[in-house]
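Student: Could you walk me through this protein, starting with the overall picture and then going into some of its parts?

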Amino acid sequence: INPAKYNGHLPIEIKAVPEGSVIPRGNVLFTVESTDPECYWLTNWVETILVQIWYPITVATNSREQKKILAKYLLETSGNLEGLEYKLHDFGYRGVSSQETAGIGASAHLVNFKGTDTVAGIGVIKKYYGTKDPVPGFSVPAAEHSTITAWGKDHEKDAFEHIIKQFPSVPVSIVSDSYDIYNACEKIWGEDLRALIEMRSADAPLVVRPDSGNPLDTVLKVLEILGKKFAPKENSKGFKVLPPYIRVIQGDGVDINTLQEIVEGMKEHRWSIENISFGSGGALLQKLTRDLLNCSFKCSYVVTNGLGVRTGLFRDVNVFKDPVADPNKRSKKGRLSLHRTQSGDFVTLEEGKGDLEEYGVDLLHTVFRNGKIVKTYTFDEVRDNAKLKESELEELLH
């Protein structure tokens, strides 16, 4: 190729669904076509890098499914969705493979939530998207084990007291299992420092953080102990809520399965989900593979010069794979487009049939053409596309 022809830019066109769109698995999400017959090979050359979109897609999907679980149980045990955006906090910075992974993964989680300790994600969003708010994610002052253990085993109470006094007017999370989580809840929080905690406000609660043991058992036992020391009230749904100045965060062993178990267990024991938030690290950003959602990128359409014989006749060929041993690996054929049916479902049309406009215009928009990014989204638009819909919430509750 003559490098001067495109000034170093790639002669390809990429069409994609609007970012943040919630599309059922098995549909086309983007297409790539070469815009120059001499560069026919470019579509496959970019596959490796473009198929890495599986990672933010999978993080955002997994995060959103957890948001649905939290929304369901929050509605059932409190009657509203207050605080939902802060119920699943990103603890995953140290658990990922690189700085770049941290930035991409954390920004994908922030599509659904606003709580994060992975600062790299905030940088990615500010650099590439922008938000109406000064920052897209927030955190709170939080102790970690060395800020407690550095005081020595006999001075855990002093460490706790020092930290809560340092942060009187904002929420403060204090890891309480350095030695004995149950003693910490019953004796230190429940007796020694009780008066200090009761002085705090709903805007500045103490957030007790257990960090070991079986997640469900530990959460229930911590709530039970705290409930004996700080009398809970019953909310309008008949569930127990600790006083507004004390809450719990479970940040150990949290994935989509244990999250479901914990909130179900809390509901069974009549505890409202208002009492708790969750932190997830490796499971949120790293314990995922491309196979989880079967993300793949396949050739579906070629224009050939006489099928290899130099006849001068160009032919459109719809191509696909269909392995006999695995029907699930059958790929889509021909030019692809994405549409909404009359009932509102998504459908991928193959073999260029979208041109008939039976289901209206293609939902894939050109986002890149010949080296130019032609369509961008703000992060607020991405979040808006991904938000939980009323119909989904109704479905969750029935």
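This is a predicted model: local features need pLDDT of at least 70, side-chain atom pairs count only at pLDDT 80 or more; totals for chains, interfaces and linings use all residues.

Student: OK, how many helices and strands does the chain have?

Tutor: The chain has 15 helices and 15 strands, where helices (H or I, at least four residues) and strands (E, at least two) are DSSP runs numbered from the N terminus. Its C-alpha atoms fill a box of roughly 90 × 45 × 45 Å, taken along the principal axes.

Student: And what share of the residues in the chain is buried?

Tutor: Buried residues make up 44% of the 398 residues, with buried meaning under 20% relative accessible area, exposed over 50%, and partly exposed in between (1.4 Å probe, protein chains only). As for contacts (heavy atoms within 4.5 Å), among those between residues at least 6 apart in sequence, 67% join residues at least 24 apart.

Student: Let's pick a helix. How many residues does H12 have?

Tutor: Helix H12, residues 256-268, has 13 residues, and from its first C-alpha to its last it reaches 19 Å, close to the 18 Å expected at 1.5 Å a residue. That expected span is 1.5 Å times one less than the number of residues in the helix.

Student: Which residues of H12 are buried?

Tutor: The buried ones in H12 are Thr258, Leu259, Ile262, Val263, Gly265 and Met266. They cover an arc of only 160 degrees around the axis, so they sit on the same side of H12; the arc is that of the directions from the helix axis to the C-beta atoms. The face of H12 turned away from this buried side carries the exposed residues Asn257 and Glu268.

Student: And what covers the buried residues of H12?

Tutor: The cover includes helix H4 (54-78), helix H11 (215-229), strand S8 (246-250) and strand S9 (276-280). From H11, leucine 216 is in contact with Glu261, Ile262 and Gly265, leaving aside its neighbours within four places in sequence. Leucine 216 is partly exposed, with a relative accessible area of 21%.

Student: Is threonine 218 buried or exposed?

Tutor: Threonine 218, whose place is also in helix H11, counts as buried at 2% relative accessibility. Leaving aside neighbours within four places in sequence, threonine 218 is in contact with Tyr182, Pro210, Ser212 and Gly213.

Student: Back to H12: what caps its N-terminal end?

Tutor: Aspartate 255 does, with a side-chain oxygen that lies 2.9 Å from the backbone nitrogen of asparagine 257. After H12 comes arginine 270, whose phi is positive, near 65 degrees.

Student: Where else is phi positive in a residue other than glycine?

Tutor: One of these is asparagine 370, with phi near 50 degrees, in the loop between S14 and strand S15 (372-373). Asparagine 370 is partly exposed, with a relative accessible area of 25%. Another is glutamate 351, with a positive phi of about 55 degrees, found in the loop between strand S13 (346-349) and strand S14 (365-369). For background, most residues other than glycine have a negative phi.

Student: New topic: what volume does the second largest pocket have?

Tutor: Its volume is about 1300 Å³, a volume being the space filled by probe spheres set on grid points that are joined across faces, edges and corners. A pocket here is an open set of points on a 1 Å grid over the protein atoms alone, where a 1.4 Å probe fits, with protein on both sides within 12 Å along at least five of seven lines, and lining residues have an atom within 4 Å of a point.

Student: Which residues lie nearest its centre?

Tutor: Of the 39 residues that line the second largest pocket, Tyr86, Val140, Val207, Ile249 and Ser277 lie nearest its centre. The elements that give two or more residues to this lining are H4, strand S5 (206-209), S8 and S9, and S8 gives the most, with 3 residues.

Notes
Residues are numbered from 1 along each chain as its sequence is written. Side-chain values use heavy atoms; hydrogens and water are left out. A polar contact is a pair of N or O atoms within 3.5 Å; within protein, one must be able to donate a hydrogen and the other to accept it, and residues adjacent in sequence count only if both atoms are side-chain atoms.
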